[in-house]
Amino acid sequence: MELRELQKVQKEFDLEYFPEFWRINGYEDFLDRLEYLVVALAGEVGEFANIVKKMRREYMHLGVEERERLDQLREELIDIFIYTVITANLLDMDLEEWFRKKLSLNRERFDRYRDNG
Ligand SMILES: [Mg+2]
C-alpha cells in the first residue's frame with residue numbers, strides 16, 4: 001500500500017468512526033481539531049519515551065536488556081504514525097510528496113557535511 005492510499009484508508013476509517021470530527025465549520029473548528037491532534041500526538045510520543053525510559057533504567061541499574069519491549073515501542077510508533085497521518089489529512093497534505101521534498105532538502109543539507117568530513 002502506498003502512502004497516499006494509506007492516507008485515504010485512514011480518512012475513510014475516521015469518517016466512519018468519528019464523522020463529527022470531520023464536520024469542520026470555520027477556523028475555530030479547524031484549530032479545535034488541530035489542538036486535539038497535537039495533544040494526542042504528544043501523548044503517544046510520551047508513551048514511546050516512557051518505554052525507552054524504562055528500558056534505560058532496567059539496563060542502567062540491573063544490566064537487563066528488555067528486548068521484549070521492542071514490540072511495545074513498535075506499537076507506540078504506529079500510534080504516532082496514525083496521528084501523523086490524521087494530522088496530514090486535516091492539513092490536506094500529501095505525505096508522500098512532502099516526504100520526497102524534505103528528503104531532497106536533507107540530501108542537499110547533509111551532502112555539505114559529507115563533502116567536508
Ligand atoms: Mg499508544
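Colleague: Before anything else, what are the helices here?
Modeller: Helices are DSSP runs of H or I with at least four residues, numbered from the N terminus. Keep in mind as well that this is a predicted model.

Colleague: OK, how many helices and strands are in the protein chain?
Modeller: The protein chain has four helices and zero strands, and from the N terminus on its elements run α-α-α-α. Its radius of gyration is 19 Å, well over the 13 Å that the globule rule gives for 117 residues, so the chain is more spread out than a compact globule.

Colleague: And what share of the 117 residues count as buried?
Modeller: In the protein chain, 3% of the 117 residues count as buried.

Colleague: Let's take α2, then: does it lie in the open or is it buried, and why?
Modeller: Of the 37 residues of α2, one is buried, so this helix lies largely in the open. Its end C-alpha atoms are 54 Å apart, which agrees with the 54 Å that residues 26–62 should span at 1.5 Å a residue.

Colleague: Switching to α3, which residues are buried?
Modeller: In α3 the buried residues are Glu76, Tyr83 and Ile86. They cover an arc of only 75° around the axis, which puts them on the same side of α3.

Colleague: What covers the buried residues of α3?
Modeller: The cover includes α1 (3–17) and α2, while the face of α3 turned away from its buried side carries the exposed residues Leu70, Asp71, Arg74 and Ile78.

Colleague: Last one: which residue takes a positive phi just after α3?
Modeller: That is Asp92, with a positive phi of about 55°, and just after α2, Gly63 takes a positive phi of about 70°.

Key. Residues are numbered from 1 along each chain as its sequence is written. This is a predicted model: local features need pLDDT of at least 70, side-chain atom pairs count only at pLDDT 80 or more; totals for chains, interfaces and linings use all residues. Helices (H or I, at least four residues) and strands (E, at least two) are DSSP runs, numbered from the N terminus. The expected span of a helix is 1.5 Å times one less than its number of residues. A residue is buried if 20 or more other C-beta atoms lie within 10 Å of its own, exposed if 12 or fewer, and partly exposed in between; C-beta atoms are placed from the backbone. The radius of gyration is taken over C-alpha atoms; the globule rule is 2.2 Å times the number of residues to the power 0.38. The arc is that of the directions from the helix axis to the C-beta atoms. Two residues are in contact if their C-beta atoms, placed from the backbone, lie within 7 Å.
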